[in-house]
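The exercises below concern one structure, shown next. Each has a task sentence and a solution in steps.

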Amino acid sequence: MYSFEVERPTSVADAAAALGKDEAQALGGGQTLIPTLKQRLASPSVLVSLAGIADIKGVSVDGGTVTIGGGTTHGVVAAEAGAYPALAALAGNIGDPAVRNRGTIGGSLANNDPSACYPSAALASGATIVTNSREIAADDYFQGLFETALEEGEIVISVKFPIPEAASYQKFEQPASRFALVGVYVAKFADGVRVAVTGASEGGVYRWSEAEAALSGNFSADALDGLTVSGDDMISDLHGSGDYRAHLVKVMTKRAVAAAS
Amino acid sequence: MSDKMHIKLTVNGEDKEFLAEPRDLLIYALREKLNITGPHVGCDTSHCGACTVTLNGKSVKSCTMFVAQANGAEITTIEGIGSPDALHVLQESFKEHHGLQCGFCTPGMITRATKLLEENPTPTEEEVRFGMAGNICRCTGYQNIVKSILAAASEINSAKEAAE
Ligand SMILES: Cc1cc2nc3c(=O)[nH]c(=O)nc-3n(C[C@H](O)[C@H](O)[C@H](O)COP(=O)(O)OP(=O)(O)OC[C@H]3O[C@@H](n4cnc5c(N)ncnc54)[C@H](O)[C@@H]3O)c2cc1C
Ligand code: FES
Ligand code: FES
C-alpha cells in the first residue's frame, strides 16, 4: 500500500471540503477500497473517512419511500429496511456478516461493480441517488463498468427507493466471492414493471426492456417464455461464458417474478 | 511516510495506546504492535475470516480495516474468549466435536461464532452455515465446525433454562 493521510470529518460540508483537495478519496466501509489500495491500484494522498458523519447513516420511511443514508451498512439495511422487504433481503445476502457490518450502500453505488447487488435494486426501483450537490435518477446514474454520473469528490448522501407493490432480487452466486454471477431485480409498480440485471453485461447493470414490456402486460414467469437473451455482449470469464450468463438472465428473472412479494 | 497517529483501543478489556501510520491495518496493529497473535492472516484479501475480531460488538475482518478506523473502539480477539483453564463453551465444544484440524482458522471461527450465537441463540444448521459464510476452513470440510457450534448453542440454552 502507498502511504496516505486520513481525515475523519463529522459533517458533509467538512467531508466535501476535504475531498476538494488534490488526490483525496472517500473511504466508506473500505470493503472494496482497502483491497484496491493493497494492490496499489489506487494511490490517494488523503482518505476522507465518511464513517463519522451521523447525518448520512440510517434508514427512514416516509409514505411510499424508503430513504437509506449513503453511509448505512448492509447489515443495518437488512435489519431496518423491513418496509421494503426485497431490498432488506438483498442487503442481508451481500457477502458475509463481516462484510455487511462494514460495507455501505454509498460505497457500493459509487463503485458500481458490474457484479454488485445494490445497483440492480436502485435501477429496478427507479431510485434517486442524492449527493451533496444534486439528485440523480438511477436511470441516469449508472454509466457502465465502474462508471457513474458522480463527479470527482461528490458524496452519496442518501438513496431514495420508491416501494414497489411487489419485488424480488434473485442472485445466482459466484460461490467464492458471493457476488452475483447473474442477479436480477424485478420491481412491480402500479404503472409498470422494471427489471434490472447485474453480473451479466459487459456494459454493467442494465434494464431488460423486453422483459419489462412482457411483464407489464402479464406479471407471471410464463410471460417470459417467448423471449431470448443473446450472449454476445455478456461477460465471459472462467466462472461462466457469455451464453451461460445469458441463459441465467432469463432463469433468474423467472425466479424473481415467481418470488416477488 | 505519513505522520503517525495516536491510537487508543480497548483490547480484551485492556486499554492500549500506541502510534500508527494511517495505512496500518488493524490486524497488523494487533499482531505486530500489541503482540496479540490469535487473529491470523489467512488471505489478506477479506475472504477467509481468519483475522475476524469483534469490534464494538460486531464481527469484522481486521485485515480489511485500518487501525485508524478502529480508534477508540472496543475489540475482542480469541485471547479474550475463555482461558486455557476455563475454556469458553464454544472452545470446549470445538475440542469435543473435533471442530478443528490444523487450527489455523479456529480463532476466527470461534470469535465469529460467539457473535453468531448472540445474534441468533437457537440457529438451525442452515443458519449456522449462513452466519459463518465469511470464515473458510481448508481442513475440516465444515461438518464438525457446524456440529460444534450447534452443540455449544444447545449447551448454552440448557444452562440458561436450568438457571431460570
Ligand atoms: C468478501 C466480500 C464479498 C462481497 N460480496 C458482495 C456481494 O455479494 N454483493 C455486493 O454487491 N457486494 C459485495 N461485496 C462488496 C461490498 O458490498 C462493499 O461493501 C461495497 O462494494 C463497497 O462499499 P464500502 O462502503 O466498503 O466502500 P469503500 O470500499 O470504502 O469504497 C468504494 C468506493 O466508493 C467510494 N465511496 C465510498 N462511500 C462513498 C460515498 N458515500 N459517496 C461517494 N463515494 C463513496 C470510495 O471512494 C471508493 O471509490 C463484497 C466484498 C467482499 C470483501
Ligand atoms: S486474512 Fe482477513 S479475511 Fe483472510
Ligand atoms: S482447521 Fe485447518 S483451516 Fe480450519
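**Exercise 1. Contact range and burial in chain B**

Task: For chain B, state what share of the contacts with a separation of 6 or more joins residues 24 or more positions apart, and what share of the residues is buried.

Solution. Step 1: residues 24 or more positions apart account for 60% of those contacts in chain B, where a contact requires C-beta atoms, placed from the backbone, within 7 Å. Step 2: of the 164 residues in chain B, 47% are buried; a buried residue has 20 or more other C-beta atoms within 10 Å of its own, an exposed one 12 or fewer, and a partly exposed one a count in between, again with C-beta atoms placed from the backbone.

The model is predicted, so local features need pLDDT of at least 70 and side-chain atom pairs count only at pLDDT 80 or more, while totals for chains, interfaces and linings use all residues. Residues are numbered from 1 along each chain as its sequence is written, chains are lettered from A and ligands numbered from 1 in the order in which they are written.

**Exercise 2. Overall form of the two chains**

Task: Compare the radius of gyration of chain B with the globule rule, then do the same for chain A.

Solution. Step 1: the radius is taken over C-alpha atoms, and the rule is 2.2 Å times the number of residues to the power 0.38. Step 2: for the 164 residues of chain B the rule gives a value near 15 Å, and the chain has 16 Å, which agrees with a compact globule. Step 3: for the 261 residues of chain A the rule gives a value near 18 Å, and the chain has 18 Å, which also agrees. Step 4: along the principal axes, the C-alpha atoms of chain B fill a box of roughly 55 × 35 × 25 Å, and the C-alpha trace of chain A spans about 55 × 45 × 30 Å. Step 5: in chain A, 50% of the 261 residues count as buried.

**Exercise 3. Elements and strand pairing in chain B**

Task: Give the order of elements in chain B and describe the partners of β1(B).

Solution. Step 1: chain B has five helices and five strands, counted as DSSP runs numbered from the N terminus (helices H or I, at least four residues; strands E, at least two). Step 2: from the N terminus, the order is β-β-α-β-β-β-α-α-α-α. Step 3: two strands pair if DSSP finds at least two bridges between them. β1 (residues 5–11) of chain B runs antiparallel to β2 (residues 14–20) of chain B, with seven bridges. Step 4: β1(B) also runs parallel to β5 (residues 74–76) of chain B, with two bridges. Step 5: B:Val11 has a bridge partner in each neighbour, B:Glu14 in β2(B) and B:Ile75 in β5(B). Step 6: the hairpin of β1(B) and β2(B) has two residues between the strands, and B:Asn12 there takes a positive phi near 50 degrees.

**Exercise 4. Domains**

Task: Locate the domains of chain B and characterise the side of domain 1 that touches domain 2.

Solution. Step 1: the bounds, from an automatic or database domain assignment, are 5–80 for domain 1 of chain B and 89–159 for domain 2 of chain B. Step 2: their C-alpha centres are separated by 22 Å. Step 3: 15 residues of domain 1 of chain B are in contact with eleven residues of domain 2 of chain B. Strand β3 (residues 52–55) of chain B gives the most to the domain 1 side, three residues. Step 4: that side has six nonpolar, nine polar and no charged residues. The classes are nonpolar (Ala, Val, Leu, Ile, Met, Phe, Trp, Tyr, Cys, Pro), charged (Asp, Glu, Lys, Arg) and polar (the others, Gly among them). Step 5: chain A is divided into domain 1 (5–49), domain 2 (55–162) and domain 3 (166–259).

**Exercise 5. Interface and ligand**

Task: Which element of chain A gives the most to the side that touches chain B, and where does ligand 1 lie?

Solution. Step 1: 18 residues of chain A are in contact with 21 residues of chain B. Step 2: β1 (5–7), α2 (33–38) and α5 (97–102) of chain A each supply at least two residues of the chain A side, and α5(A) gives the most, with five. Step 3: the residues of this side divide into nine nonpolar, five polar and four charged. Step 4: ligand 1 lies between chains A and B. Of the 34 residues around ligand 1 (C-beta atom, placed from the backbone, within 6 Å), A:Gly28, A:Gly95, A:Gly103, A:Gly106 and A:Gly107 come nearest. Step 5: α6(A) gives the largest share of the shell around ligand 1, five residues.

Note on methods:
Two residues are in contact if their C-beta atoms, placed from the backbone, lie within 7 Å.
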